[in-house]
Amino acid sequence: MGEERYDLDEAYTAFFFGWEDNARQQQIMAQYFVPKIVKLFKPKYVLDVGCGSGQWLDEYREYTYEKKNIVAKGIEGSTNAFIYMSEETKENVLELDLRDKIEEEDYNIDFVQSFEVAEHIEEEYADIFLHNLIKDDPDTVLLTAASPGQGGFKHVNLQDREYWMTKMKDNGYLFNQDLLNEIRGWGEPDECPVWWRSNLMVFI
């Protein structure tokens, strides 16, 4: 192994997850994209890997009560993210460092998403991170990962999309350009971060 891995709570403070930037941005994106994701992919059990303070899970939960009976759960490594989670989201998020391999399986999960998490995990743990994404054999994985040159905090593993495509292919998941084109055709909300369009990948 390489150097000792950094501490998540020290790196990702309450300010990092706060409504001044991160939580608000995630809420804007979730409110715009979740209804469209639900319509296209029809997920029954969503897992958000590196869910931050849980705004996407809150939005998926709207369909639990109103329409689709979707189960939405998450995994998050920093305890500081829990400060901003809704109480119901807290009950559905596993606190776990994604550099640690999850052995438990839940084959009910059919849709996994992970947005701008991969680049925060040292390359020596990249395969473990991907294991945690796909261990339950989901039908669909939506993944974004920052590319070389993209600014940001604690970007310790910046890779081209082909890097992740190759790793996912080695694990039995193929990049799907047609589905990506359909998602891009939805447009974007105001204040959508630039990384969404450039970094998004869809695997099936």
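The model is predicted, so local features need pLDDT of at least 70 and side-chain atom pairs count only at pLDDT 80 or more, while totals for chains, interfaces and linings use all residues. Residues are numbered from 1 along each chain as its sequence is written, and side-chain values use heavy atoms, with hydrogens and water left out.

Salt bridges come first. A salt bridge is a side-chain nitrogen of Lys or Arg within 4 Å of a carboxyl oxygen of Asp or Glu. The structure holds 11 of them. One of these joins Arg-61 and Asp-58, at 3.2 Å from N to O. Both residues sit in helix H4 (residues 55–66), three residues apart, so about one helical turn separates them. Helices (H or I, at least four residues) and strands (E, at least two) are DSSP runs, numbered from the N terminus. The areas come from the Shrake-Rupley method with a 1.4 Å probe, and for residues only the protein chains shown count as cover. Arg-61 has a relative accessible area of 7%, so Arg-61 is buried. Asp-58 has 24% and is therefore partly exposed.

A second salt bridge pairs the side chains of Arg-99 and Glu-122, at 3.1 Å from N to O. This pair links distant parts of the chain, 23 residues apart. Arg-99 lies in the loop between strand S3 (93–95) and strand S4 (111–115), and Glu-122 lies in the loop between S4 and helix H6 (126–134). Arg-99 and Glu-122 are both buried.

Lys-167 is buried, because its relative accessible area is 17%. Asp-127 is partly exposed, because its value is 47%. Some salt bridges share partners, and in this way Arg-5, Asp-97, Arg-99, Asp-100 and Glu-122 are joined into one network.

Helix H7 also supplies other buried residues. Among its buried residues are Arg-161, Tyr-163, Trp-164 and Met-165. Lys-167 and Met-168 are buried in H7 as well. The buried residues of H7 pack against H6, strand S5 (140–144), helix H8 (177–184), helix H9 (195–199) and strand S6 (200–203). Contact means heavy atoms within 4.5 Å. Just after H7, Gly-172 takes a positive phi of about 90 degrees.

Lys-42 has a phi near 50 degrees. Lys-42 lies in the loop between helix H3 (22–41) and strand S1 (45–49). Lys-42 is exposed, because its relative accessible area is 57%. Glu-116 has a positive phi of about 55 degrees, although Glu-116 is not a glycine. Glu-116 lies in the loop between S4 and H6. Its relative accessible area is 11%, so Glu-116 is buried.

Asp-7, Asp-9, Glu-10 and Glu-95 form a negative surface patch. Patches are made of residues with over 30% relative accessible area and no salt bridge; like charges are joined within 9 Å, and nonpolar side chains (Val, Leu, Ile, Met, Phe, Trp, Tyr) within 5 Å. Asp and Glu count as negative, Lys and Arg as positive, and His and the chain ends are not counted. The place of a charge is taken as NZ of Lys, CZ of Arg, CG of Asp or CD of Glu. Asp-9 is in helix H1 (residues 8–11). Asp-9 has a relative accessible area of 31%, so Asp-9 is partly exposed.

Two C-alpha distances complete the description. Val-71 lies in strand S2 (residues 71–76). At 34% relative accessibility, Val-71 counts as partly exposed. Val-71 touches Lys-44, Tyr-45 and Val-46, leaving aside residues up to four places away in sequence. Val-71 and Arg-161 are 90 residues apart along the chain, and their C-alpha atoms are separated by 29 Å. Asn-108 lies in the loop between S3 and S4 and counts as exposed at 55% relative accessibility. Asn-108 and Gln-26 are 82 residues apart in sequence and 25 Å apart in space, C-alpha to C-alpha.

Methods
Buried < 20%, exposed > 50% of the residue type's maximum accessible area, 1.4 Å probe, protein only.
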